[in-house]
Amino acid sequence: MNKVLYFDYAAFIVFALILISVVMKRLTRGKMSRLFLMVLIVALVATSFDIGAIAYDNIGERHTFAQYFFHTGYLVFHVLSAALYTIYVISMVDAIHIFRGRVKSVILALPTLLCVLLLIVNLFYPTVFSIGADGGYARERLMVFLYITSFIYMIIGFIVVMKYRRRLSRKCLISVIMIFPLVVVAAFRQMLVPEVPIEMFANSIGLLFVALFIQSPEQMISSATGLNNITRYMEDVDNVLDNGLNIGIIMISLVNDKAL
């Protein structure tokens with residue numbers, strides 16, 4: 001039975017539209033904007049690989065190199081997408097300091113590195129997935145490790161966000177955490193019905209809410225100056241005080257700023 005591609009096509013369109021919107025609105029400056037841009041690009045690339053993988057699987061003939069290339073690419077970027085989104089939400093509540101230091105950084109990156117290494121080894125000794133003589137794609141016993149890795153990142157992100165939830169408005173909190181149950185439900189659904197891949201579509205819906213309610217310009221930027229607005233400033237100062245950090249603040253008064 002051929003796999004359905006419609007959900008991946010829809011996910012690709014959603015990711016592409018969000019990416020175009022981000023670039024056109026020039027929301028590419030600042031740490032959070034750059035992280036969100038990276039999350040979008042990685043998710044878009046993962047979806048592209050998934051479309052290629054499913055397209056070759058549906059041919060019904062063996063195209064070993066192409067199938068291994070697209071399936072491996074999809075799984076690598078899928079795990080990377082989960083890791084980057086976790087870093088994004090942790091940075092959103094300004095709690096990335098929890099993972100500062102060489103040891104903690106390595107621990108955070110280790111699951112992703114192990115997955116990449118496992119997928120490289122899989123090219124020679126199929127233990128994650130294999131391509132049969134008839135071109136059929138089959139999951140192997142270590143595929144579950146990739147899912148566990150993604151779940152670990154989501155659990156870490158969820159725990160950190162809930163711990164510092166008072167730093168976010170209710171609307172932002174709901175927008176940032178809704179992707180977790182969406183992706184989990186979609187992953188289980190896809191494991192039960194692999195002919196209908198919906199993971200990336202669920203991911204795209206979650207990121208769409210983030211783009212609409214968190215990364216929108218009116219949430220962060222003053223229309224008069226193009227700089228971060230007073231609300232964002234107050235949030236930043238609150239987060240700094242919560243973390244016990246020492247910072248310097250420079251106050252600048254712009255005279256006739258609209259004319260400037």
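What share of the 260 residues of the protein counts as buried?

**Figure 1. Overview of the predicted protein model.** Of the 260 residues of the protein, 43% count as buried, where buried stands for a relative accessible area under 20%, exposed for one over 50% and partly exposed for values in between (1.4 Å probe, protein chains only). This is a predicted model, in which local features need pLDDT of at least 70 and side-chain atom pairs count only at pLDDT 80 or more, while totals for chains, interfaces and linings use all residues. Residues are numbered from 1 along each chain as its sequence is written, and side-chain values use heavy atoms, with hydrogens and water left out. The secondary structure comes to 10 helices and 2 strands, the helices (H or I, at least four residues) and strands (E, at least two) being DSSP runs numbered from the N terminus. Read along the sequence, these elements follow the pattern α-α-α-α-β-β-α-α-α-α-α-α. Taken along the principal axes, the box that the C-alpha atoms fill is roughly 70 × 40 × 25 Å. Among the contacts in the protein with a separation of 6 or more, 71% are accounted for by residues 24 or more positions apart, contact meaning heavy atoms within 4.5 Å.

**Figure 2. Close-up of helices H1 and H8.** Two packed helices are described by the angle between their axes and the distance between the axes. Axes are lines fitted to C-alpha atoms, for helices over the stretch in contact, and the angles run from 0 to 180 degrees between N-to-C directions. The axes of H1 and H8 come within 8 Å and cross at roughly 25°, and H1 and H8 are therefore roughly parallel to each other. Angles under 35 degrees count as roughly parallel, over 145 as roughly antiparallel, 65 to 115 as roughly perpendicular and the rest as oblique. The crossing of H1 and H8 is left-handed, a term for a near helix turned anticlockwise from the far one by less than a right angle, whereas clockwise would be right-handed. On the side of H1 the contact is made by Phe 7, Asp 8, Ala 10, Ala 11, Val 14, Phe 15 and Ile 18, and on the side of H8 by Met 200, Phe 201, Asn 203, Ser 204, Leu 207, Leu 208 and Ala 211.

Figure 3. Asp 8 is found in helix H1, which spans residues 6-24. Leaving aside neighbours within four places in sequence, Asp 8 is in contact with Thr 47, Asp 50, Ile 51, Ile 54, Pro 197 and Met 200. Although Asp 8 is buried, this residue has no salt bridge, and the nearest side chain of opposite charge, that of Lys 3, is 8.9 Å away; here Lys and Arg count as positive and Asp and Glu as negative, with His and the chain ends not counted. The structure holds 1 salt bridge, that is, a side-chain nitrogen of Lys or Arg within 4 Å of a carboxyl oxygen of Asp or Glu. In this salt bridge the side chains of Asp 57 and Lys 3 meet at 3.4 Å, N to O. The pair links distant parts of the chain, with Asp 57 in helix H2 (residues 31-59) and Lys 3 in the segment before H1, 54 residues apart. Asp 57 is buried, with a relative accessible area of 13%.

Figure 4. The axes of helix H6 (residues 170-177) and helix H8 (residues 199-213) come within 8 Å and cross at roughly 155°, which makes H6 roughly antiparallel to H8. H6 passes H8 in a left-handed crossing, where Lys 171, Cys 172, Ser 175 and Val 176 in H6 meet Gly 206, Phe 209, Val 210 and Phe 213 in H8. H5 and H6 pack at an angle of about 170°, with their axes 11 Å apart, and this makes H5 roughly antiparallel to H6. Phe 158, Val 161 and Met 162 in H5 meet Leu 173, Val 176 and Ile 177 in H6.

Figure 5. Met 143 lies in helix H5 (residues 143-163) and is buried, with a relative accessible area of 4%. Leaving aside neighbours within four places in sequence, Met 143 is in contact with Leu 75, Thr 127, Val 128, Phe 129 and Tyr 137. Phe 145, also placed in helix H5, is partly exposed, with a relative accessible area of 30%. Thr 149 is found in helix H5 and counts as buried at 1% relative accessibility.
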